[in-house]
Amino acid sequence: MTPDWVRDAVFYQIFPDRFCNGDHAIDPVGTRPWNELPTRQSVFGGDLIGITEKLDYIQGLGANALYLTPVFTSPSNHKYDTIDYFAVDPAFGGNSALRRLVSALHARGMRIILDGVFNHCSDRHPFFLDAAARGEDSTYWDWFTIDGRSVESEPEPNYACWAGVRTMPEWNHANLKVHEYLLSVVRHWIREYDIDGWRLDTTDYLPPDFVKDIRSVAKEEKEDAYVVGEVMGLATSWFKHGALDGVMHYRLWDGLVSFFARGDWNAPQFADFVRSIWRSYPNDANYSSYTLLGSHDKPRFLSLCNGDKSMFILASSFLFTFPGAPAIYYGDEIGMEGREDPDCRRAFPWDEAEWDMDILEAFRHLVHLRRQELALRRGSIEFIAARGRFLAIRRVLRDEEIIVAINAGDRPEPLDVLPKGNWIDLSSGVQVESAAFVPRRRFRVLKRG
Ligand SMILES: [Ca+2]
């Protein structure tokens, strides 16, 4: 069963080193000034205490769920190379900071999912160090895939590692003891810390049965736990296997980039693309997937739009009126820019003078509409217009009907697709005639009155 709450979720994704520094006393060695541009190595001192302090801000946007990139002890700023799966990094505030964050979220009726990195760990993980120190005598020798009789990392690593990076040895997923250990991690943070689910890193590289076991174990601990996979391509086989509740919808992201940001697709191409994904996934997965314009692994969408904020807002209008659980990547809502990683991971500017208030207002408005209108979250979906750079979708739930018209073109488009009846523009509260237009580069959300 996919968890029902995800259908009503609006996620806020945080890269914890870069969101808010709530405790300078625990800043890691070499912490850089907050407003400096990031390199691959730099650390900025953000922590879970800072996130907890900013929950009013996050909730004020209308978000009701958090997704944090990895928080467990690790030598890197991104923490995708885990040293201790049972300890939150001391620079993030340790386990007690996570406990306080989760209880503060739950007190607000908000949820949290953590990033599970189960394909690989750090070369400083004690099990890998043991294999390196004791060779074939190590209990953990066959927890990794080592070609030879001892661990060699120079000149090239002689063990399987993530993307060839020697500091990230891969777990040997053929060894079931590895699975028992990693599944105990999945259980632990739900049972002991009451987290609401897991985002699974590099799902494409994990054995499907293991992923399915993660989902089962998570739901044994908490019936409505959410398990969402990082899947870059079409995820059909994961859903057929019953291994995931949803995916981070990078496939949809590809289409949003092609239509809105790059403009190299027209509306019919975009609509065909979205329809074909829609038909490929089970209904539950469509409504339970994590839809996004941004993440720590992609250039900022506003930058992909070359800073064209009207186009960025139009893409957002699609995301927040489309099924799935839409996500805001920290700072997208205030107009943060950034190219490929590490540039897309800048520290969040808390000086409001640096915020783009037009974008922030548009986000708040769109999230508000989504939270207000059940049909936008749970209704059926149909494209009723796709021509040139203009598209319109219809969302229907019982006797409620909403039409979202998005004009990404440079001239006004008539609202000729509006069926007969009374239609209220949900932004202005004004009744709309079918003779009305959608101005260039604007959207309208209309509800049958
Ligand atoms: Ca700090």
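**From a covered strand to a covered helix**

Strand E5, residues 111-116, is mostly covered, with 6 of its 6 residues buried. A residue is called buried if 20 or more other C-beta atoms lie within 10 Å of its own, exposed if 12 or fewer do, and partly exposed in between, with C-beta atoms placed from the backbone. Helices (H or I, at least four residues) and strands (E, at least two) are DSSP runs, numbered from the N terminus. Residues are numbered from 1 along each chain as its sequence is written. The model is predicted: local features need pLDDT of at least 70, side-chain atom pairs count only at pLDDT 80 or more, and totals for chains, interfaces and linings use all residues.

Strand E2 (residues 65-68) runs parallel to E5 and is joined to E5 by 4 bridges; two strands pair if DSSP finds at least two bridges between them. In this pairing Ala65 stands opposite Arg111 of E5. E5 also pairs in the parallel sense with strand E6 (residues 197-200), over 3 bridges, and there Gly116 has Leu200 as its bridge partner.

The chain also holds an open, antiparallel sheet of 6 strands, in the order E11-E12-E13-E18-E15-E16. Its edge strands, E11 (380-387) and E16 (431-432), each pair on one side only. Helix H9 (residues 267-280) packs on this sheet, touching E11 and strand E12 (390-397), and its direction makes about 160° with that of E11. Such axes are lines fitted to C-alpha atoms, for helices over the stretch in contact, and angles run from 0 to 180 degrees between N-to-C directions. E11 and E12 are joined in the antiparallel sense by 7 bridges, and Glu382 has Arg394 in E12 as its bridge partner. The hairpin of these two strands has 2 residues between them, and Gly388 there takes a positive phi near 55°. Elsewhere in the sheet, strand E15 (residues 423-425) runs antiparallel to strand E18 (residues 442-448), with 3 bridges, and Asp425 stands opposite Leu446 in E18.

Helix H12 (residues 309-319) is mostly covered too, with 9 of its 11 residues buried; among them are Met311, Phe312 and Leu319. H12 lies across strand E13 (400-407) and E18, and runs at about 155° to E13.

A further neighbour of H12 is helix H13 (residues 357-372): the two axes come within 10 Å and cross at roughly 10°. H12 is therefore roughly parallel to H13, since angles under 35 degrees count as roughly parallel, over 145 as roughly antiparallel, 65 to 115 as roughly perpendicular and the rest as oblique. Lys309, Phe312, Ile313, Ser316 and Ser317 of H12 meet Asp358, Ile359, Ala362, Phe363 and Leu366 of H13; two residues are in contact if their C-beta atoms, placed from the backbone, lie within 7 Å. The residues of this contact divide into 6 nonpolar, 2 polar and 2 charged. Here Ala, Val, Leu, Ile, Met, Phe, Trp, Tyr, Cys and Pro count as nonpolar, Asp, Glu, Lys and Arg as charged, and the others, Gly among them, as polar.

The domain assignment gives domain 1 (4-119 + 171-372) and domain 2 (381-448); such bounds come from an automatic or database domain assignment. The domain centres, taken over C-alpha atoms, are separated by 30 Å, and the contact takes 16 residues from domain 1 and 18 residues from domain 2. H9, H12 and H13 are the elements that give two or more residues to the side of domain 1 that touches domain 2. By class, that side has 10 nonpolar, 5 polar and 1 charged residues.
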